[in-house]
Amino acid sequence: MTSPSGHEPGPTEPTGATGPTEATEPTGATGATEHTDPRTRPEPAPEPRVLCDARALASDPPLPGGVLWKLAETGRQLDANLVRLAPGGRVAPHAEPDLDVLLFVVGGDGVLGAGTADEPRRLTEGAAVWLPHGSTRSVAAGADGLSYLTVHRRRPGMRIRPHGGAS
């Protein structure tokens, strides 16, 4: 085969896009030929998987309220909880100093109190709410209750913080 420049490839030169002309042993993740001790094999790579059906859990017969599901996988970097508030239930105003939280309404309705004045903002199924760290927030369920998923970075270990103005 002659190239456009008129040069014919030699016996060890590639002849086009079909690959090398010399046989090589497979290497890398797709065909390593070396064997390892089964006792020292690395853990298999984590794979995505469905963990729960949040809508099905939220639509089960109403319970008084509480955590319906939580992410408990080892090695995770996130925490997640599916929470149900009973009709009229409430999470009192509070501020999370360290973590941003994503709240996603799965079922029911309610009110998000936000800011220092606890200004009400309507929550309905499908609402995605960002609760930035340091912000004040509260949550109140409507007449049918409220189910929501929270997701945030995994909490750091316990820390000792200075008290008030102490040095």
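This is a predicted model: local features need pLDDT of at least 70, side-chain atom pairs count only at pLDDT 80 or more; totals for chains, interfaces and linings use all residues.
Numbering starts from 1 along each chain as its sequence is written, and side-chain values use heavy atoms, with hydrogens and water left out.

**Whole chain.** Colour by secondary structure: you'll find 1 helix and 7 strands, in the order α-β-β-β-β-β-β-β from the N terminus. These are DSSP runs (helices H or I, at least four residues; strands E, at least two), numbered from the N terminus. Of the 167 residues, 24% count as buried, meaning under 20% relative accessible area with a 1.4 Å probe, protein chains only.

**Main core.** Now select Leu103, Leu112, Leu123, Val139, Leu146 and Tyr148, which touch the most other members of the 15-residue largest nonpolar core. Such a core is a set of buried Ala, Val, Leu, Ile, Met, Phe, Trp, Tyr and Cys residues joined through side-chain atoms within 4.5 Å. Show strands S2 (78–85), S4 (101–114), S6 (128–131) and S7 (136–153) as well: these elements each give two or more residues to this core. S4 gives the most, with 5 residues.

**Zoom on Leu146.** Leaving aside neighbours within four places in sequence, Leu146 has contacts (heavy atoms within 4.5 Å) that include Val83, Leu85, Val105, Leu123 and Val139.

Methods. Buried means under 20% relative accessible area, exposed over 50%, partly exposed in between (1.4 Å probe, protein chains only).
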